[in-house]
Amino acid sequence: MSKPYQPPPAPKNLPINAPWALFGGISPKRFMQEYWQKKPLLIRGAIPAFTLESQNGSTNLASPISYEELVEFANQENLESRLIQSDPWRFQHGPFQKKAIPNLNKSNWTLLLQGMEAHHLAAANILSWFRFIPDARLDDLMISIAGIGGGVGPHFDSYDVFLIQMSGRREWRISEQTDLSLNPALPLKILQNFQSEFEWILEPGDMLYLPPHIAHDGIALDAGCQTWSVGFRSPSLKELLQEGLWRLAESLENIPELDKKFSDPKQPATLQAEQLPKELIKQLNAQLQKLKLNQINTFLPGVTAYLSEPKQQAIFESPSKPLNSKAFLKKLTQGKLKTSPQTRILSLGKKVYCNGDEVTKNQTAKVIAAWNALSANKCLENANLGNIQDSSLYEVYLAGWLVFEV
Ligand code: SIN
Ligand code: CO
């Protein structure tokens, strides 16, 4: 007998100083100090429900999502899916027809589904356990399902990853090797010289944390082996600076006085005509100081906007029967407005950025407070915004970025 595990959502106020089974009895605070970005950690029974259930009776916990359901998800356009076959190595991008995915009794294949937190409550709940790590670092929850022998080959990630064993067993081999050269002959990023240093077989409910650049190889030992990976992105400093600078450059569009042409009535006759004029440098420098373009606080809004952009595959659906703005305000006083699962929301002080836009700009104090609550809790309950005509909250509700809980 088996029944699907139903992961609970994390409590609103995470007890980050208390011991957690998820980290083998240490607190998130200690985990961050001792392991995060530093060294791997294997946790047996990270989800105690799996062990408890098998000890208490004849039931075993199964993954919250079945093979059949995962196969259906792999057919969706708005979900990034990949199929990897390992003998020989082959790689395909989804969406996949049902018949393109091997049966569970076949070996040497794995199906990878990205961003599952947007598609299944169980995945969203598991992700909520990790909200002691800044949202800006979060990438997504990926689910892999495999036949015996299935895996993606020895590789390394530039990401921190929590690999949660959710069904069947997987053998993990890891190495702190510095040779991270890839095999150029293969269609996948596979290490050409993997030398395993540690090996463990993970059972359902176990978890392995890996910091970036630890070489690893996970091979499914059972048909239908499922691993749920919570991944944390770390963009390069170049990416952050470029994205921030582009947005900063764009924001200059909104300053009409910058359309004024450069003029130099005081330019003296020169014998160094090839040199950039001193007057031009002086005027530009004055503008940089005036607009504070050389200061971090001027630069951060663009970076926050960038990091709040949703995944490329995200599709937002406007409500089929949208409320008018008056009915929206009324419903807000009684109902629960939530971020849609594909929505990304980040705060910079009291400014809030949702799906790439600053949504607190030119809003009333009550709307700004509502956005701050949404950013912190991902939901807003019984809010009274006063008697306003329109707000960014209403606009974003019409766009499908925020939805009422039914
Ligand atoms: C997998 O789940 O098969 C791969 C996850 C990983 O190695 O990052
Ligand atoms: Co990996």
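**Figure 1. The loop that holds P341 in the predicted model.** P341 is part of the loop that runs between strand 14 (336–339) and strand 15 (345–348); the structure shown here and in the other views is a predicted model. The relative accessibility of P341 is 48%, so the residue counts as partly exposed. Leaving aside residues up to four places away in sequence, P341 touches E117 and A118. P341 and F96 are 245 residues apart along the chain, and 23 Å separates their C-alpha atoms.

Figure 2. S27 sits in the loop between strand 1 (2–4) and helix 1 (28–34). With a relative accessibility of 10%, S27 counts as buried, because the cut-off for a buried residue is under 20% relative accessible area. When residues up to four places away in sequence are not counted, S27 touches I16, N17, A18, P19 and W20.

**Figure 3. The cobalt site.** Which protein residues are donors of the cobalt ion (ligand 2)? The protein donors are H155 through NE2, D157 through OD and H216 through NE2, and they lie 2.1 Å from the ion. Along the chain these donors of the cobalt ion follow the spacing H-x1-D-x58-H. D157 belongs to the loop between strand 7 and strand 8 (160–167), whereas H216 belongs to strand 12 (residues 215–220); the pair therefore ties together parts that are 59 residues apart in sequence. The two residues fall into separate accessibility classes: D157 is partly exposed, with a relative accessible area of 26%, while H216, at 3% relative accessibility, counts as buried.

**Figure 4. Polar side chains facing ligand 1.**

**Figure 5. The shell around ligand 1.** The residues that surround ligand 1 are M142, S144, H155, D157, L163, R170, W172, H216, T227 and S229. By class, this shell holds 3 nonpolar, 5 polar and 2 charged residues. Which elements give two or more residues to the shell around ligand 1? They are strand 7 (138–146), strand 9 (170–175) and strand 13 (225–232). H216, one of the residues around ligand 1, lies in strand 12 (residues 215–220).

**Figure 6. The protein chain as the setting for the close-up views.** The protein chain has 10 helices and 19 strands. Its C-alpha atoms fill a box of roughly 85 × 60 × 45 Å, taken along the principal axes. The chain has 406 residues, of which 43% count as buried. Of the contacts between residues at least 6 apart in sequence, 76% join residues at least 24 apart. The accessible surface of the protein chain is about 22200 Å², and carbon and sulfur atoms account for 52% of that surface.

Technical notes:
Residues are numbered from 1 along each chain as its sequence is written. Chains are lettered from A and ligands numbered from 1 in the order in which they are written. This is a predicted model: local features need pLDDT of at least 70, side-chain atom pairs count only at pLDDT 80 or more; totals for chains, interfaces and linings use all residues. Side-chain values use heavy atoms; hydrogens and water are left out. A residue is near a molecule or strand if one of its heavy atoms lies within 4 Å of it. Helices (H or I, at least four residues) and strands (E, at least two) are DSSP runs, numbered from the N terminus. Ala, Val, Leu, Ile, Met, Phe, Trp, Tyr, Cys and Pro count as nonpolar, Asp, Glu, Lys and Arg as charged, and the others, Gly among them, as polar. Donors are N, O and S atoms within 2.8 Å of the metal (3.2 Å for Na, K and Ca); water is not among the atoms, so sites may look incomplete. Buried means under 20% relative accessible area, exposed over 50%, partly exposed in between (1.4 Å probe, protein chains only). Contact means heavy atoms within 4.5 Å. Accessible areas come from the Shrake-Rupley method with a 1.4 Å probe; for residues, only the protein chains shown count as cover.
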